[in-house]
Amino acid sequence: MWSIALPGFAQLLTGNLIKGILFVVLEFLVNVYSNFNKGIMLSFLGETERALQVMDVQWLMFYPCLYTFAMWDAYRSVMPDEEKLTFLPFVFSAYFVTVGLMISPKVKIMGVFPGPVFLPMLFVIPGVISGFLIRKVLMKFYAD
């Protein structure tokens, strides 16, 4: 759960200091250069068009992979050994969020512009579902 708050926290808590520090530094680097916090603030204030203007989407595109990889790595360090293919929901979530971010400047939902924060957040849902479905199908091959 700590990786949801900030990538790298879970690694720091479990004693993986180098990996944890690397994730935290990368998170701050991407966050600062993309103006992500300013974009989040503007989005929650309902100014999604302005959020798109202040954010650097080129930098922000690194964030979904960094964020979900740090979460998967934290989960992987405590998951049972017999679990297989647990990375798939994380991978597909990162992919869908990145696609959501790329298309966010052009998408309106029922006349509302969700912007570069809320549209990628919505794309987590089909990403996780796709990952779990593909994992379920592939696990049948592992069982046989």
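The largest pocket is lined by 25 residues, and F36, Y63, Y67, V97 and M121 are the ones nearest its centre. Two or more lining residues come from each of α1, α3, α4 (36-44), α7 (63-76), α8 (87-103) and α9 (115-143). Helix α9 gives the largest share, 6 residues. A pocket here is an open set of points on a 1 Å grid over the protein atoms alone, with protein on both sides within 12 Å along at least five of seven lines; lining residues have an atom within 4 Å of a point. Helices are DSSP runs of H or I with at least four residues, numbered from the N terminus.

The model is predicted: local features need pLDDT of at least 70 and side-chain atom pairs pLDDT 80 or more, while totals for chains, interfaces and linings use all residues. Residues are numbered from 1 along each chain as its sequence is written, and side-chain values use heavy atoms, with hydrogens and water left out.

The second largest pocket has 15 lining residues, with M1, S3, M71, A74 and Y75 closest to its centre. Helices α1, α2 and α7 each supply at least two residues of this lining. The table sets out the volume and lining classes of both pockets.

| Pocket | Volume | Lining by class |
|---|---|---|
| Largest pocket | about 470 Å³ | 20 nonpolar, 4 polar, 1 charged residues |
| Second largest pocket | about 300 Å³ | 10 nonpolar, 5 polar, no charged residues |

A volume is the space filled by probe spheres set on the grid points, which are joined across faces, edges and corners. In the classes, Ala, Val, Leu, Ile, Met, Phe, Trp, Tyr, Cys and Pro count as nonpolar, Asp, Glu, Lys and Arg as charged, and the others, Gly among them, as polar.

On the surface, W2, F9, L12, L13, L17, I21 and V25 form a nonpolar patch with about 680 Å² of accessible area together (Shrake-Rupley method, 1.4 Å probe). Patch residues have over 30% relative accessible area and no salt bridge, and nonpolar side chains are joined within 5 Å. Helices α2 (9-13) and α3 (17-34) each supply at least two patch residues, and W2 is found in α1 (residues 2-5).

The whole structure holds 9 aromatic pairs (ring centres within 6.5 Å; planes under 30 degrees apart count as stacked). One of them, Y33 with W59, is stacked, at 4.9 Å centre to centre and 20° between the planes. Y33 lies in helix α3 and W59 in helix α6 (residues 57-60), so the pair ties together parts 26 residues apart in sequence.

There are 3 salt bridges, each a side-chain nitrogen of Lys or Arg within 4 Å of a carboxyl oxygen of Asp or Glu. In one of them, D73 and K19 meet at 3.1 Å, N to O. This pair links distant parts of the chain, with D73 in α7 and K19 in α3, 54 residues apart.

Overall, the protein chain has 9 helices and 0 strands. Its C-alpha trace spans about 50 × 35 × 20 Å along the principal axes.

Definitions and conventions
Patches are made of residues with over 30% relative accessible area and no salt bridge: like charges are joined within 9 Å, nonpolar side chains (Val, Leu, Ile, Met, Phe, Trp, Tyr) within 5 Å. On a 1 Å grid over the protein atoms alone, a cavity is a set of points where a 1.4 Å probe fits but cannot get out, and a pocket is an open set with protein on both sides within 12 Å along at least five of seven lines; lining residues have an atom within 4 Å of a point. Rings of Phe, Tyr and Trp (its six-membered ring) pair if their centres lie within 6.5 Å; planes under 30 degrees apart count as stacked, over 60 as edge-to-face and the rest as tilted.
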